[in-house]
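Here are my notes on the model, as numbered points. Please read them with the structure open.

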Amino acid sequence: MLGWLKRKLTTSGHFARLDAGRFPAFAPGSVWLVGAGPGAPGLITLLGYHALGAADVIVYDALVNPGVLDMANPKAEKIYAGKRGGKPSPKQADITLKLVEHARAGKRVLRLKGGDPMMFGRGGEEVQTLVRENIAFRIVPGITAGIGGLAYAGIPVTHRDTNHTVIFLTGHDEKGGIPQGVDWAAIATASPVIVMYMAVKHLPSIAEKLIAAGRDPADRVAIVSNAALPDQSVRELRLDGAGDLADASIPTPAIIVLGPVSRYRESFEWYAATLRENSFG
Ligand code: SAH
């Protein structure tokens, strides 16, 4: 009996600390730009969770796990704004316009993005529009795939024995090609670790550019597909083996890490089959 009471008190006490009164108010007419984390629904922040419960309108991207949306207020209007290769996608301008319209109509607008909204997620562009349109907003950071996704594969993004720097790179520019603005010669040898987003398609040519600029062809590459999701898988290769990847099918989304940190994976790997049965991560 006492044990039961204690359990009850502990549990309710825990949830009591999540009382909405302790969270910042989600004001009508404002937009919250929230990172949903890299996959597992349990990786959203408490502020993100609070926003899900308070929002009137949720504009979400393709990489947002449906399990995250399940936590939303059932009365919220959910609008899909996904942009994934091959399928017709709403234009960025239309998405931001939607945010502005709903905010002007007095709604609490939640803009939900995979990972962290400011990491290769065009969060900055959306904020620019909100600023220009004089709409109140808040940014709620999320766990980015290039850090948290790697952790789910047992890869530390830094380790004192391997790297004091990390470069985050996108493998795509807005036209779908390899990004032109990147100084490949400069980054090739600047950091032991390069984390690459949206880079599966162009990995062979990225590898070529890096090797041509002096990167060790024997460097390790780990490709983590569906990170922090039950179907997570990892493919490891040498940098100069990337050319053979062109035909192979790598499940996406995938985050790629170049450099020595993936060597820890073998002993760190912790996201076991039984853990994957837990839908929260
Ligand atoms: N804002 C996001 C990144 C958006 S760009 C973030 O901070 O994580 C989309 C890219 O993110 C994908 O092409 C992939 O490289 C990476 N990504 C996002 N979710 C992922 C996941 N669950 N597993 C592996 N890579 C993921």
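1. A cut-off comes first. Buried means under 20% relative accessible area, exposed means over 50%, and partly exposed is in between. M198 has a relative accessible area of 42%, so M198 counts as partly exposed. Keep in mind throughout that this is a predicted model.

2. Stay with M198 for its backbone. Its phi is positive, about 50°, although M198 is not a glycine. The residue sits in the loop between strand 7 (194-197) and helix 8 (203-212). M198 also faces the ligand: a polar backbone atom of M198 is 3.0 Å from a ligand oxygen atom.

3. For G114, a polar backbone atom lies 3.0 Å from a nitrogen atom of the ligand. For A227, the distance from a polar backbone atom to a ligand nitrogen atom is 2.8 Å. How much of the ligand's accessible area does the protein cover? The ligand has 540 Å² on its own, and the protein covers 91% of that.

4. Next, the shell around the ligand. It holds 17 residues, of which P38, D116, M119, T144 and A254 come nearest. By class, twelve are nonpolar, four are polar and one is charged. Both domains contribute: at least three shell residues come from domain 1 (3-143), and at least three from domain 2 (146-268). Check the pose against residues of both domains.

5. A228 is another backbone point to inspect. Its phi is near 65°, which is positive in a residue other than glycine. A228 lies in the loop between strand 8 (220-225) and strand 9. Is A228 buried or exposed? Its relative accessible area is 1%, so A228 is buried.

6. There is a cis peptide bond to note. It joins T252 and P253, with omega at about 5°. P253 belongs to the loop between strand 9 (233-238) and strand 10 (254-258).

7. Now the charged pairs. Side chains of opposite charge can pair when their charged atoms come close. Across the whole structure, a search finds twelve salt bridges. One of the pairs is E126 with K113, at 3.1 Å from N to O. E126 is in helix 5 (residues 123-132) and K113 is in strand 4 (residues 109-113), so this pair ties together parts that are 13 residues apart in sequence. Both partners, E126 and K113, are buried.

8. D61, R111, K113 and E126 are linked in a network of salt bridges. I would look at these four residues together when reading the model.

9. R122 and E125 meet through their side chains at 2.9 Å, N to O. R122 has 34% relative accessibility, so it counts as partly exposed. E125 is partly exposed too, because its relative accessibility is 34%. D219 and R215 form a salt bridge at 2.8 Å, N to O. Here both D219 and R215 are buried.

10. Last, a helix residue. D94 is part of helix 4 (residues 92-104). Its relative accessible area is 43%, so D94 is partly exposed. How far is D94 from A81 in sequence and in space? The two are 13 residues apart in sequence, and their C-alpha atoms are 9.3 Å apart.

Note on methods. Residues numbered from 1 in each chain as written. Predicted model: local features only at pLDDT ≥ 70, side-chain atom pairs only at ≥ 80, totals over all residues. Heavy atoms only, no water. Helix = DSSP H or I, 4+ residues; strand = E, 2+ residues; numbered from the N terminus. Buried < 20%, exposed > 50% of the residue type's maximum accessible area, 1.4 Å probe, protein only. Near = heavy atom within 4 Å. Polar contact = N/O pair within 3.5 Å; in protein donor to acceptor, adjacent residues only side chain to side chain. Areas by Shrake-Rupley, 256 points an atom, 1.4 Å probe, with all protein chains shown as cover. Nonpolar A, V, L, I, M, F, W, Y, C, P; charged D, E, K, R; others polar. Domains from an automatic or database assignment.
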